[in-house]
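Subject: Handover of a structure and notes on it

Dear colleague,

Please find the structure below, followed by an account of what was found in it.

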Amino acid sequence: MKRRTFLLGTGATVTAAVVGAPVAIAQPKPDELVWADGLPGSLDPHALSDVPMQGYLINVYDTLYVNRDNPPKLEPWLASGHTISDDGLIVMFKLREGIKFHDGSPLTAEDVVWSFHRLLNMKKGAASAFLAVLNPDNVTAPDPTTVVFKLKRPYAPFVSATPLVAIVNRRVIEPNIKDNDWGQAWLASNSAGSGSYILDPSTYQPVQQIDMKRNPDHFMGWGHNKSPIEIVRRRDILETTTRVNALIKGDVDCTDSYLPPDQVERVLASKGATVSKDQSMRVMVLRMNNRKPPFDNLNFRRALSHAFNYRGFIDDVLKGYAVRNAGPIPVNLWGSPQDLPPYAFNLEAAKEFLAKAKAEGAPVDREIEIHIQQHLAQTTQAAQILQQALRKIGVNLRIVPNLWPQLVSSTAKVETTPDMWVHWVSSYFIDPENWIGQMYDSQFHGTWKASSWYKNDKVDSLLREARGLDDQSKRQALYEEASRIVVSDAADIWIYNAIELRGLSNRLHGFRFTPIGSGADFRVMSLTS
Amino acid sequence: MIRFVLQRLLLAIPALFGLLVLTFIMLRVLPNDPSAALAGENATPAQIAAVRNAYGFDEPLWKQFIIYVEQVGRGDFGNSIISNRPVVSDIAWRLPATIELTFVALLFAACVGIPLGTLAAVWHNSLFDHVMRIVTVAGLAVASFWFAIMLQMTFSMELDWLPLRGRFPVGLSPPLQITGLYLLDSLLTLRFDLFGQAFAHILMPALTLSLGGLASIARFTRAGVLETMQKDFVHYAEAAGYARRRIIWVYVLRNSVVGATTQIGLLFGALISSAVAVESIFDWPGVGSYAVSAILTSDYKAVLAVTLVVGLIYSIVNIAIDVVHAWLDPRVAENL
């Protein structure tokens with residue numbers, strides 16, 4: 001065949017294919033939900049514990065208790081209830097009967113024990129919520145429906161933290177264990193759950209796509225939902241603009257829940273989608289390293305607390321989609337004092353505190369650094385707003401781009417912890433312990449949550465007492481008192497409690513927001529054509 | 001020729017090793033430790049140290065490097081620290097997507113850039129030439145993310161002619177995998193319907209990616225054609241009465257595109273790098289978006305593997321370009 005003939009033939013074939021092929025733009029299928037939100041890095045629910053993992057865990061796995069609605073209520077799920085001994089050391093859960101894993105095998109107390117053993121031995125993800133109070137050997141199953149936890153010391157948030165722990169099917173995992181890895185390599189791409197949806201491992205691609213189908217045999221049944229969604233296709237679209245365009249066009253049924261305000265306006269102006277606005281439990285905080293001069297000076301920290309334009313940030317940058325939060329506990333959670341006045345933006349007051357700090361010998365003239373998370377625009381915006389105000393009172397603030405893994409590593413020591421850094425404290429479990437308890441009790445120094453290196457004996461004592469009590473009203477009083485002290489000490493700069501903004505297609509119904517998992521609970525949702 | 005190709009392949013080995021050393025140093029000497037993030041919420045320093053120990057991050061760097069080089073020598077790039085899956089399998093799924101996108105972009109850039117450059121040279125200092133100059137400068141200057149969003153807003157959001165994102169419709173099975181290149185696989189399996197879908201999905205990302213390359217190739221071709229047109233053999237061909245069209249498009253062009261082909265080789269590497277942004281905007285499941293996720297999570301084994309694989313492809317493409325060079329210019333072949 002001559003070259004010219006070959007080229008002509010190839011060209012003709014391609015042209016015929018392009019012109020002749022029906023290039024119809026794909027339309028969403030009526031019983032398939034396309035959920036475009038962040039995906040977990042791995043599918044092993046014991047290896048990771050972050051917001052995307054929660055969105056996966058609550059659908060493919062079941063837990064002893066679950067959080068429902070907003071503000072969230074802790075409800076028995078696999079467990080029918082629990083009891084706590086008078087000394088607070090023995091927590092006993094009673095399981096429901098007739099629960100089955102996806103492979104049809106029964107879920108018993110032995111599976112709960114094995115799941116906790118796996119978590120505590122792997123020492124990753126949610127393990128850190130339990131390692132301080134629980135030895136693996138102290139989780140036992142006296143009978144198929146009873147699980148007993150013997151704690152090292154009373155720990156009131158224990159039950160609140162159980163929604164972090166997926167109960168896994170040991171019979172599926174054990175044959176896939178290699179080199180004593182607890183089946184981590186296998187479970188990273190497969191599932192071993194009993195949840196409302198079943199993973200399709202054949203189409204899974206890390207941080208790209210997860211497909212799931214409905215589990216018709218889920219132990220809770222489907223009576224609550226007349227038209228449940230049969231297929232869920234989770235996709236991660238990196239670019240916000242593309243994600244929003246895809247929603248407006250009808251390619252996907254949701255966006256992530258952190259839409260920028262300008263994109264909120266675009267979605268609201270569209271015909272086929274809307275925005276769910278839900279006050280969450282996610283506090284934005286500018287951390288201050290309380291042990292590094294000049295941050296070891298109370299007046300300097302108060303000066304900085306008065307130098308942030310809170311209203312400007314919330315009203316102008318966030319277009320009002322946030323709620324001012326005076327202290328470390330979200331304002332919509334018990335333990336947050338409702339009458340606690342927040343710091344106000346007041347440069348005159350800031351100047352006065354700065355002068356006092358200088359008079360006390362604080363090195364207020366040195367350049368200070370604030371580390372931002374460079375892929376999260378809001379952290380940069382917050383730092384720039386502070387930088388602008390500080391310049392007016394003569395404080396030089398340098399903005400340093402950084403990434404989450406490096407930042408959390410750096411907080412292991414006082415010397416390596418930045419002067420300041422910006423992050424959010426999300427709701428991993430719903431208890432003030434998740435915020436003030438782990439942020440300001442000095443026993444947690446060296447963890448990223450306690451990276452202010454704040455130390456106040458009175459606060460330590462209040463938080464430790466609250467942790468050991470079972471009575472919520474008594475705990476509330478202790479957390480409120482601790483909050484007042486921490487705020488008075490200006491340990492950090494607390495800015496707002498988030499309003500989560502998630503774009504949703506109009507064909508999606510039943511979306512129920514809960515801070516844990518950000519409302520990605522597919523078993524309550526349905527689709528209309 | 002075979003000896004030449006083997007020589008070039010052997011030369012690529014130290015270059016790739018150098019790339020490995022540099023990337024390893026950049027990733028591991030700079031503060032870059034995923035242990036704390038892996039250890040989970042509120043992990044204590046002791047718990048973080050346990051994770052660091054489990055992954056071998058507490059070993060001396062030289063030891064970590066030797067272990068890694070041994071692994072790579074066996075073709076084992078290790079497991080992703082975050083996904084706990086073999087990095088090779090993650091990349092193998094994504095690499096064809098990036099290669100397909102880059103190849104189509106390059107093909108488009110060459111098929112449009114070379115004729116445009118030639119015409120600009122033939123009609124130099126004409127209105128067409130001036131317009132071309134402006135267009136090529138704009139092509140080099142325009143930000144790819146802006147151009148991508150403009151394309152999306154026009155052809156997908158407004159006109160609804162093309163799909164907005166992705167490589168294939170969600171829920172539709174891609175063609176039977178032979179090469180992993182959807183366009184080629186759908187043709188090989190005679191699934192023209194799937195070819196149409198794959199083609200529609202690749203059009204906008206490939207066009208965006210090709211923009212800078214197209215401008216560059218057009219400028220190189222123009223310069224090459226202008227220079228060649230002054231050569232004696234062209235005057236001889238004109239005097240001998242050859243048709244001007246034949247002189248330009250056969251003799252002049254063949255002698256002029258040597259520079260442009262070198263440029264194409266260099267462009268391939270540049271386009272793979274640029275693919276990071278294009279893949280993000282068009283949600284194209286290639287190694288670029290994988291690299292972004294890996295960098296954000298300090299998944300250094302994934303980053304190293306991507307860097308090495310891209311380096312390897314770059315080396316192979318450049319060897320291929322040398323071979324094409326020899327084909328276009330027999331004088332080069334004689335020296336091989």
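Buried area is the accessible area, taken with a 1.4 Å probe, that two parts lose on being put together, summed over both. This is a predicted model, in which local features need pLDDT of at least 70 and side-chain atom pairs count only at pLDDT 80 or more, while totals for chains, interfaces and linings use all residues. Residues are numbered from 1 along each chain as its sequence is written, chains are lettered from A and ligands numbered from 1 in the order in which they are written, and side-chain values use heavy atoms, with hydrogens and water left out.

**The interface**

Chain A and chain B bury about 4,900 Å² between them, and carbon and sulfur atoms give 60% of that area. Gln208(A), Leu238(A) and Lys249(A) supply 11% of what chain A buries against chain B, more than any other three residues. In terms of contact (heavy atoms within 4.5 Å), 60 residues of chain A meet 57 residues of chain B.

The rule finds one salt bridge across this interface, a salt bridge being a side-chain nitrogen of Lys or Arg within 4 Å of a carboxyl oxygen of Asp or Glu. Lys249(A) forms a salt bridge with Asp160(B), with the closest N and O atoms 2.5 Å apart. By class, the side of chain A that touches chain B has 29 nonpolar, 19 polar and 12 charged residues. Here Ala, Val, Leu, Ile, Met, Phe, Trp, Tyr, Cys and Pro count as nonpolar, Asp, Glu, Lys and Arg as charged, and the others, Gly among them, as polar.

**Salt bridges within chain A**

Over all chains, the structure holds 39 salt bridges. One of them joins Asp339(A) and Arg484(A) at 3.1 Å, N to O. Asp339(A) is in the loop between β12 (322-324) and α11 (347-359), and Arg484(A) is in helix α16 (residues 472-488), 145 residues apart. Helices (H or I, at least four residues) and strands (E, at least two) are DSSP runs, numbered from the N terminus.

Accessibility is sorted as buried (under 20% relative accessible area), exposed (over 50%) or partly exposed (in between), with a 1.4 Å probe and protein chains only. Asp339(A) is exposed at 55%, and Arg484(A) is partly exposed at 34%.

A second salt bridge pairs Arg475(A) with Asp431(A) at 2.9 Å, N to O. Arg475(A) lies in helix α16 and Asp431(A) in the loop between β15 (420-425) and α14 (436-440), so the pair ties together parts that are 44 residues apart in sequence. Arg475(A) is buried at 4%, and Asp431(A) is buried at 2%.

Asp460(A) forms a salt bridge with Lys455(A), the closest N and O atoms lying 3.1 Å apart. Asp460(A) is buried, at 3% relative accessible area. Both belong to one network of salt bridges with shared partners, which also joins Glu433(A), Asp441(A), Asp457(A), Arg464(A) and Arg467(A).

**Asn190(A)**

Asn190(A) sits in the loop between α6 (184-187) and β8 (197-199) of chain A and is buried, at 17%. Its side chain reaches the backbone oxygen of Trp186(A) at 2.8 Å. Neighbours within four places in sequence aside, Asn190(A) is in contact with Leu43(A), Tyr56(A), Tyr61(A), Leu199(A) and Pro201(A).

Yours sincerely

How values were computed. Polar contact = N/O pair within 3.5 Å; in protein donor to acceptor, adjacent residues only side chain to side chain.
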